[in-house]
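Work through the exercises below with the sequence and the structure at hand. Each task is followed by a solution in steps.

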Amino acid sequence: MCDWCEKYGDGYERWYFNPANYARRLYKIRREEAEASGAEANPQAAGGMAFVGSDFLEARERGDTAEVERMKQQLEGAMWLTHFGQVITLEEALKITDIMYPISLITCACRRSMEGLPDEENFTCMGMGAGMYKWERWPDTYRGGVHFLTPDEAKEVLSKLNKRGLVHSIYTFGTPYLAGLCNCDYPDCAAIRTVIDLGIKVLWKGHYVAKIDPELCNGCASCVHRCQFRALSFIPSKNKAYIDQFQCFGCGLCATECDQEAITLVERASLPALANVW
Amino acid sequence: MLPTITVNDEKCKEPTSCRKCLLICPTHVFGLGTDVGPQKFREIDPSHFIVRAVRLDKCSGCMDCVNICPQNAIQVSFNGGDAR
């Protein structure tokens, strides 16, 4: 079982379907100290969106596996208490819009940092909950402003972003408080990049695993560009798509694009070897 | 092999409107941050934005960033050798 469902699910099918994890009482005022930490001294803050500094990359470079493992565990431990995500499907994201209020469309901090993307091109992120009413406190965090959405508008936006090929994931802000619904892609999403490039689990895999029916796959390859996790490739000699289920994050983007309905999402829990691969 | 990449903030004045290095880097090594951190109740002036190389593990050493920077503000070196 997913650790977070076990800890915070309280009988709901998923921890992010448990309304208590969106409750006002979990919302905490952000600390001044963290906000003011010296950017110059801290490459993460200066560069914006890297979870690790060069000391991690250097330890990795010199093959110091013990040190890499130690730093990785330390970072994961800290992130899991404060701010981490889990991949969800479009269907699950749509369901969340009926649990949580308010929902607002905001600019993506990762793409702002990695591309300097202008605000008008960057409204792909969703903030939720009490904190959104106070967005004017932090004009740069919410650069470009905040569009409050009705649940129906939020569903429409999510469906469009899915069509564009962006992965949905849900984020904690002081675990288990859920307040972010991100729509992301590689390489500019800090979380996807950190988990894929460095193996640091700031983004957990979702509750599903994609599976291809080779009988139904007609080799059109329209799914291939949808995978942001390097799980989906193409076998030219067979003219079929191929999914590495151990690498699959279960976002379902490949499945929503397949017009042959050759890709289905299987419950991770139903696959013994994958049930605990998060 | 990890490079040493430096950005001269004195030369790089308004990275938010320039963005050339951020966009040309084939592996998206650079990030944009500020030298003041988040500011309560006010927007940060563009002059406080700075560029840093953060994904050092993905730098191939192509020097596209060095060559495109209109201010010659970026230096990349490998093995501690001479920066270009």
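Two strands pair if DSSP finds at least two bridges between them. Helices (H or I, at least four residues) and strands (E, at least two) are DSSP runs, numbered from the N terminus. This is a predicted model, in which local features need pLDDT of at least 70, side-chain atom pairs count only at pLDDT 80 or more, and totals for chains, interfaces and linings use all residues. Residues are numbered from 1 along each chain as its sequence is written, while chains are lettered from A and ligands numbered from 1 in the order in which they are written.

**Exercise 1. Strand β5(A)**

Task: Determine which strands are joined to β5(A) by bridges, and describe the burial of β5(A).

Solution.
Step 1. Strand β1 (residues 85-88) of chain A is joined to β5(A) by 4 bridges, and the two run antiparallel. A:Ile88 has A:His168 as its bridge partner in β5(A).
Step 2. Strand β6 (residues 178-184) of chain A is joined to β5(A) by 6 bridges, again antiparallel. Here A:His168 stands opposite A:Asn183.
Step 3. The hairpin of β5(A) and β6(A) has 5 residues between the strands, and A:Gly174 takes a positive phi near 85 degrees in this hairpin.
Step 4. For burial, count the other C-beta atoms, placed from the backbone, within 10 Å of a residue's own: 20 or more means buried, 12 or fewer exposed, and in between partly exposed. In β5(A), 6 of its 6 residues are buried. A:Val167, A:Ser169 and A:Tyr171 point one way, A:His168, A:Ile170 and A:Thr172 the other way, and all are buried.

**Exercise 2. The domains of chain A**

Task: Locate the two domains of chain A and describe the contact between them.

Solution.
Step 1. Domain bounds come from an automatic or database domain assignment. For chain A it gives domain 1 (3-23 + 36-204) and domain 2 (208-270).
Step 2. The C-alpha centres of these domains are 25 Å apart.
Step 3. Two residues are in contact if their C-beta atoms, placed from the backbone, lie within 7 Å. By this rule, 11 residues of domain 1 of chain A touch 13 residues of domain 2 of chain A.
Step 4. On the domain 1 side, β5 (167-172) and α9 (190-198) of chain A are the elements that give two or more residues.
Step 5. Ala, Val, Leu, Ile, Met, Phe, Trp, Tyr, Cys and Pro count as nonpolar, Asp, Glu, Lys and Arg as charged, and the others, Gly among them, as polar. The domain 1 side then has 6 nonpolar, 4 polar and 1 charged residues.

**Exercise 3. Chain B and its contact with chain A**

Task: Give the order of elements in chain B and describe the side of chain B that touches chain A.

Solution.
Step 1. Chain B has 3 helices and 4 strands, in the sequence pattern β-α-α-β-β-α-β.
Step 2. Of its 84 residues, 30% count as buried.
Step 3. The contact between the chains takes 27 residues from chain B and 28 residues from chain A.
Step 4. On the chain B side, α1 (15-18), α2 (20-24), β2 (30-34) and β3 (49-53) each give two or more residues. The largest share, 4 residues, comes from β2(B).
Step 5. By class, this side of chain B has 12 nonpolar, 7 polar and 8 charged residues.
Step 6. The model scores ipTM 0.90 and pTM 0.92.
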